[in-house]
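I opened this notebook to record what I looked up in the structure. The entries follow the order of my reading.

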Amino acid sequence: KDGLQVAIDGPASAGKSTVAKIVAHKFNYIYVDTGAMYRALTLAALDQRLELTNEDQLIELLRQITISFQPASAGQRVFINETEVTDEIRSEIVTNNVSTVAALPAIRRALVARQQELALAGGIVMDGRDIGTTVLPRADLKIFLVASVAQRAKWRYLENQQKGITTSLKTLQAEIAERDYKDSHRATSPLRKAPDAIEIDTTSLTIEQVCEQITRLMIQKA
Ligand code: C5P
């Protein structure tokens, strides 16, 4: 195995993907955004107007499409078959429906198997909800990022402003709280801190500070 397996989990909008991308780049590791896989499947299901709780149909859909990633300077581009969906998978409709799809056990089994394959060689930073508990229970380093709902909504609000999305702070707070609830109360691999994960509260930290802490921990483990 060449390089560490680093798992970064935590609730929505706590900064996981931002810091995961930065530290992966720093160590020349692969970055895998597992949320993007659940999002891509959700987007495809919405496009085909499938019932999002119909596990059989969604498994069939997952067989029919190819979800792939391409590295990019700002993280990674996401494709369904040959179509780029990098921005579409971040739309509000996908964000507000993805937890329903991600709660289906057969979907999780299929995507977790892909994620484990990607991590085999090591040298990887993977972010999600169940990486430390289920996908890579033997990861070399497990980080659990948390932040207050108010702060996370504020970050999402600022991010949205740049994209021209005008959802109110109050609505964002409610949406984030709702997604956290769904993700941590589902039966199959709910969002949970692994016993051996290191928790970092990012509420009053800068991105640089969080990256520094994780970098230090990675150097210790190397
Ligand atoms: O990380 P991101 O916000 O893009 O994840 C979108 C959704 O995908 C989460 O709210 C969760 O429902 C699901 N997810 C998951 N397990 C993962 C990653 C994401 O259930 N490992």
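**Entry 1: the three-stranded sheet**

I began with an open sheet of 3 strands, ordered β3-β4-β5 and paired in antiparallel fashion. Its edge strands are β3 (67–72) and β5 (83–84), each of which pairs on one side only. I note that two strands pair if DSSP finds at least two bridges between them. Helices (H or I, at least four residues) and strands (E, at least two) are DSSP runs, numbered from the N terminus. The model is a predicted one, in which local features need pLDDT of at least 70, side-chain atom pairs count only at pLDDT 80 or more, and totals for chains, interfaces and linings use all residues. Residues are numbered from 1 along each chain as its sequence is written.

I then looked up the link between β4 (residues 75–80) and β5: 2 bridges join these antiparallel strands. Phenylalanine 79 has glutamate 84 in β5 as its bridge partner. Helix α2 (residues 34–47) lies across β3 and β4 and runs at about 30° to β4. Axes are lines fitted to C-alpha atoms, for helices over the stretch in contact, and angles run from 0 to 180 degrees between N-to-C directions.

**Entry 2: the five-stranded sheet**

I found a second open sheet, of 5 strands in the order β2-β6-β1-β7-β8, with parallel pairing. β2 (30–33) and β8 (198–201) each have a single partner strand, so one side of each is left without a neighbour in the sheet. Neighbouring strands here are turned by 20° against each other on average, direction ignored. Helix α10 (residues 207–221) packs on this sheet, touching β1, β7 and β8, and its direction makes about 165° with that of β7. Contact means that the C-beta atoms of two residues, placed from the backbone, lie within 7 Å.

Is strand β1 buried or exposed? I recorded that 5 of the 5 residues of β1 (residues 5–9) are buried, so this strand is largely enclosed by the rest of the structure. A residue is buried if 20 or more other C-beta atoms lie within 10 Å of its own, exposed if 12 or fewer, and partly exposed in between. Gln5, Ala7 and Asp9 point one way from β1, while Val6 and Ile8 point the other way. β1 is joined in parallel to β6 (residues 124–128) by 5 bridges, and to β7 (residues 141–146) by 4 bridges. Aspartate 9 stands opposite glycine 128 in β6. In β7, isoleucine 143 is the bridge partner of isoleucine 8.

**Entry 3: core and helices**

I looked up the largest nonpolar core and found 53 residues, with Ala40, Leu41, Val101, Val125, Met126 and Ile143 having the most contacts inside it. Such a core is a set of buried Ala, Val, Leu, Ile, Met, Phe, Trp, Tyr and Cys residues joined through C-beta atoms within 7 Å. Leucine 41 touches, among others, Leu58, Ile67 and Val101, not counting residues up to four places away in sequence.

Helices α3 (residues 55–64) and α6 (residues 105–119) pack at an angle of about 25°, their axes 9 Å apart. Glu55, Leu58, Ile59 and Leu62 in α3 meet Ala106, Ile107 and Ala110 in α6.

Last, I checked alanine 20, which lies in helix α1 (residues 16–27). Alanine 20 is buried, with 27 other C-beta atoms within 10 Å.
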